[in-house]
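Trainee: I'm new to this one. Could you walk me through how to read it?

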Amino acid sequence: MQTATPAPRKAPRPRADALRNRERIVTAAREMFVEHGPEVPLDEIARRAGVGNATVYRNFPDRDALVREVVCSVLDRTGAAGERALAETGDAFEALERFVHTSADERISALCPMVSSTFDQNHPDLEAARERVERILQMVMDRAKAAGQLRPDVGVGDLMVAVAQLSRPPAGTACFSADRFVHRHLQLFLDGLRAPARSALPGAAVTMEDLRQA
């Protein structure tokens with residue numbers, strides 16, 4: 001008598017409440033990392049998220065995993081903002097503007113330095129998120145240059161350096177009173193990127209590889 005082979009079971013999908021808890025943890029962690037830096041106690045993050053400590057550790061086995069998830073989620077949302085703007089308007093410079101302002105709102109300048117100071121920069125999840133956002137930004141900038149909207153002598157690295165500098169303060173500082181100036185100063189910078197350029201820039205356009213080697 002031949003016994004039927006049981007059909008393989010599909011991995012159960014996470015419950016909706018489990019997904020909501022995970023998202024609450026990531027949101028709370030992002031806020032607290034910006035306010036206090038990456039060493040903020042995990043039980044404080046759990047308290048702000050409204051979940052128990054066990055829920056945090058069930059989703060993120062250690063601090064590195066949580067920091068990495070926060071940085072990846074910020075990179076993903078920032079890149080998606082540029083993609084959506086391009087799809088909705090077809091205007092590459094408007095997509096670039098949305099990318100820059102979303103980067104500031106997401107506190108990308110405060111969060112990304114945590115990568116080099118807390119864990120492996122070459123983790124596959126982090127590399128994938130970073131490569132995706134760099135690819136999107138390069139595409140948007142290339143289209144803006146081709147349309148004659150963006151000055152030709154700037155690179156992705158130039159943009160990322162300026163966004164990081166203009167959207168400070170970095171994590172753990174109390175200078176949030178300067179926040180009200182951030183988008184104003186970023187827009188001044190963006191207006192300076194428009195073609196035709198009114199001056200020649202010293203040196204060559206900065207790439208992301210230049211920044212990694214700096």
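Mentor: Start with handedness: a crossing is left-handed if the near helix is turned anticlockwise from the far one by less than a right angle, and right-handed if clockwise. Helices here are DSSP runs (H or I, at least four residues), numbered from the N terminus. This is a predicted model, where local features need pLDDT of at least 70, side-chain atom pairs count only at pLDDT 80 or more, and totals for chains, interfaces and linings use all residues. Residues are numbered from 1 along each chain as its sequence is written, and side-chain values use heavy atoms, leaving out hydrogens and water.

Trainee: Which handedness does the crossing of H5 and H8 have?

Mentor: H5 and H8 cross in a left-handed way. Contact means heavy atoms within 4.5 Å. Among the residues making it are Phe-93, Leu-96 and Phe-99 of H5, with Leu-137, Met-141 and Arg-143 from H8.

Trainee: Where is Pro-196 found?

Mentor: Look in the loop between helix H10 (179-193) and helix H11 (208-213). The peptide bond from Ala-195 to Pro-196 is cis, its omega being near 0°.

Key
Helices (H or I, at least four residues) and strands (E, at least two) are DSSP runs, numbered from the N terminus.
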